[in-house]
Amino acid sequence: MLLVFVLILLALVFFATEPVPVDVTAIGVLVALLLLDPTSELLASAGLIAEPLYVLRPVGGDLGAALDNGLSGFASTATVTVLAMFILSDGVQRTGVIQRLGHRVSELTGDSESRQLGATIGIISPLSGFINNTAAVAILLPMVTDLAHRAKNSPSKLLLALSYASMFGGMLTLIGTSTNILASDLFAGLTGTGQGFGMFEFTSLGIVVTVVGAAYLMTVGRWLTPARIAPEDDLTEEFGMSEYLTEVVVREDSPIVGQTVEEALATNDFDVDLLQLIRDNRTFLEPLGKKVVQSGDVFALRTDRDTLVELLDVDGLDVLPDVEVNEAELETADEAQNLVEVVVAPGSALVRESLASSNFRQRYDASVLAIRRGDEVIRTRMDKLQLRVGDTLLIQGAAESIERLNSNPGFIVAQEIERPDFRESKTLVAVGIVVAVVLAAALTPVHIAAAALGGALAMVATGCLRPAELYDAVQWDVVFLLAGVIPLGIALQQTGGADLLADAVVQSSTVLPPIGVLGLLYVVTALLTNVVSNNASVVLMIPVAFQTAQQLGANVFSFVLAVTFAASTAFMTPVGYQTNLFVYGPGGYRFTDYLRVGGPLQALFAVVTTVGIAVIWGV
């Protein structure tokens, strides 16, 4: 038991600090658990320890049973269901139905911030109940950002609400979040019945928290949410680029005439990016490396003033007077959008890489003008900066490059980009498949995992998805995270750790009534989830909630449900939930903004959820 607690503590530290991705940490924990049983047997046979450490082996079982328990996360119905739900969500997304809905909303809301906020909450909440809420935020983020910009409202006032509403909207059904599906699977295993949550079993409480949450975001939350990003028509102004962008012309006596752009850049160590080349009234974007420099060429540059002075002298350049380099100046004649904000998504190849190590410019034929991390904007020496999930890159590139970034699941382009590959004719088919999956799981004996897999197969069979797109649709980091942490919950239960923690919680019943203990479990889980992965916290806390309820003689379902709701609603930190990271950069938020707006909401939900559970299901 002590060994399992040490592993849990190490895992929590790694989850919170993320020296490696959370899914790698989870697999590391899994490997450690798998190796403990055979290693401890060898040590015991050598007389180095008194007896083997059975952390995964059931009583009377052998090493094979321990191996089965250790690898059970890969065979878990929760893991399989979550994988299939990612595919279903992607099938709906590729029809463009949500983007078309966004355009309609834009027409109805006008420039009213309150109507835009109401529309954002009103769309994301129910949508998150039926497609994965993380996917829903990724799809709607460009729409909401454009909505704010068109009306000259700060996107900061809308994006935090988008993330929060997706979380409590995800509690409307079983399939709204991966956490719900995992909690259902754990509950089925603990009861021994194989029966998890029903599709709409907690929808009544989900409606209550959604209404309360929406009311909070429209009133108190709106007042508390700061306008970190000033509404600007021009992205270069929004990122404060006026002092860092300029145009220069190559003199006849310039030493770089006759060299390729690549050679000219390699001859110095200046912090400068060439954004575009203008020659004979034609504009060229990346790739520029092979272009041979000619006298009279005009380059748009990103650099600071001190570097510019040195560059002019060394490379024989002159600044073009009276030229303001802004978004309009950087747009090319083909009228396609060339300047966009791009958010680094979970699972992106750029996470923990720098622009230099990832060869960003060469790989994507695009230039990064600035990086926004929360409320900090980085405009110089960006090449060596290690990128994180949620970083927002101001990118300029050709229309084809922007389209490639937009179709890459590792990025979220924060402006609406017209995609020619939307399968509009498949809209009714894709939506119908999702509805069929929901109804099959809710009204028939078919298990949600079987229904979801059948739906995923139907997406391919009907042409909503191509076979190769199945693998791009899945967030594999979430799948491996689930597979890795599920055995940790088994070990906690197997060694008696869950009973020990439950004993500690039960001690609070000497001063608290059962409903107070229920509320305490909610608060502890919510605090844990705001620091580590939501899926990790639910794996650790559901066995504790189950044992606590049994020791108190209370309603087991009520206690497990409190933990489930708490693990799915992490409002107080940007790292508490993936959707919070999605909006961190585009909203320009500070870490404290999540405490400021999310803290009161977390406290409100602790009361509403606890009382709601007591009223609907009893304690």
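This is a predicted model: local features need pLDDT of at least 70, side-chain atom pairs count only at pLDDT 80 or more; totals for chains, interfaces and linings use all residues.
A search of the whole structure turns up 14 aromatic pairs (rings of Phe, Tyr and Trp, the last by its six-membered ring, with centres within 6.5 Å; planes under 30 degrees apart are stacked, over 60 edge-to-face, the rest tilted).

Residues are numbered from 1 along each chain as its sequence is written, and side-chain values use heavy atoms, without hydrogens or water.

Phe197 and Phe202 are both buried (under 20% relative accessible area; exposed is over 50%, partly exposed in between, with a 1.4 Å probe and protein chains only). Tyr589 counts as buried because its relative accessibility is 0%, and Tyr594 is buried for its own value of 0%.

Phe197 and Phe202 also belong to one aromatic cluster with Phe187, Phe557, Phe565 and Trp617.

Phe187 brings us to helix 10, where it is one of the buried residues. Helix 10 covers residues 178-191 (helices are DSSP runs of H or I, at least four residues, numbered from the N terminus). Since 11 of its 14 residues are buried, helix 10 is largely enclosed by the rest of the structure. Its buried residues are covered by, among others, helix 5 (77-93) and helix 26 (556-567) (contact means heavy atoms within 4.5 Å). Just after helix 10, Gly192 has a positive phi of about 75°.

Note on methods:
Helices (H or I, at least four residues) and strands (E, at least two) are DSSP runs, numbered from the N terminus. The expected span of a helix is 1.5 Å times one less than its number of residues.
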